[in-house]
Amino acid sequence: TSLPRRELAAAGIDTIPIVVDGRSTDGTRALARAMGARVVVQGHVGKGSGLREVIPRLESDYAVMIDADGTYPTDAIPEVVRLLRRGCDVVIGSRLAGRIDDGAMPGLHRLGNRILTALANILYPSGRTTDVCTGLWGFRVEALKRLHLTADGFELEADLYTESVLHGLRFGEIPIRYTPREGFAKLSWEDGLRIAWLMLSKRILRTRKRHGDHVV
């Protein structure tokens, strides 16, 4: 996937591509290094674990996380960075507010995304979003490092969202085009339940802390 380096460079932004590799065996690491990317090999399994391992290594002002399955538009990155430079702490690329190409998201997945997003807005009304499970996020690094992330797997995005709201981060959102993926989808209905439970459990925990209850 190509990165809009020229456009970012024209805006005075240097880019450092980082590939977080879950100990793949298909030549991903060699290809990424050959293309000039830094490669971080995960010590633990899971998408959430991968991000949590790489966050302490970030030394830039901004970080953009994008799923590398070909579904998310890299040409949206400059707009994400522009919003971060204008004062947003976190910016998401919304598929549900943008365009979803034919075959990019099965009907059940689309329904599940809308249900989870509705749940997120009910539980966290101060952080309204149109797509809680998107795989395109931008952060001010100093804000990202303040989040208490706990997710190991595909509940990562819900973890990013809930922690961002609970920390009072300033949100931005842009509509994006979502295209058919390269490879096979790994999400299941069980992942959807884990995502819902993470959002609910963090809401309950915060409510108990606010009322002085002790949680063991």
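Buried means under 20% relative accessible area, exposed over 50%, and partly exposed in between, with a 1.4 Å probe and protein chains only.

Helices (H or I, at least four residues) and strands (E, at least two) are DSSP runs, numbered from the N terminus.

For W137, I set aside neighbours within four places in sequence and found contacts with A63, V64, M65, V90, V91, I92, V132, E157, L160 and Y161. Contact here means heavy atoms within 4.5 Å.

**Basis of the entries**

The model is predicted, so I note that local features need pLDDT of at least 70, that side-chain atom pairs count only at pLDDT 80 or more, and that totals for chains, interfaces and linings use all residues. Residues are numbered from 1 along each chain as its sequence is written, and side-chain values use heavy atoms, with hydrogens and water left out.

**Salt bridges**

I found 16 salt bridges in the structure. The criterion is a side-chain nitrogen of Lys or Arg within 4 Å of a carboxyl oxygen of Asp or Glu.

K47 pairs with E157, with the closest N and O atoms 2.4 Å apart. Because K47 lies in helix 3 and E157 in helix 7, this pair ties together parts that are 110 residues apart in sequence. K47 is partly exposed at 24% relative accessible area, whereas E157 is buried at 4%. E157 is also one of the contacts of W137.

D131 pairs with R95, with the closest N and O atoms 2.8 Å apart. D131 sits in the loop between helix 5 and strand 5 and R95 in strand 4, so the pair ties together parts that are 36 residues apart in sequence. D131 is buried, at 0% relative accessible area, and R95 is buried at 5%. I also recorded a network in which salt bridges with shared partners join E7, E79 and R82.

The side chains of D21 and R29 form a salt bridge of 2.7 Å, N to O. D21 is buried at 3% relative accessible area; R29 is partly exposed at 27%.

**Loop residue D89**

I placed D89 in the loop between helix 4 (77-85) and strand 4 (90-100). D89 counts as buried, at 4% relative accessibility. Not counting residues up to four places away in sequence, D89 touches L84, G138, F139, R140, E142, A143, L169 and R170.

**Surface patch**

I16, I18 and V20 form a nonpolar surface patch with about 220 Å² of accessible area together. Patches are made of residues with over 30% relative accessible area and no salt bridge; like charges are joined within 9 Å, and nonpolar side chains (Val, Leu, Ile, Met, Phe, Trp, Tyr) within 5 Å. Accessible areas come from the Shrake-Rupley method with a 1.4 Å probe; for residues, only the protein chains shown count as cover. V20 belongs to strand 1 (residues 18-21) and is partly exposed, at 34% relative accessibility.
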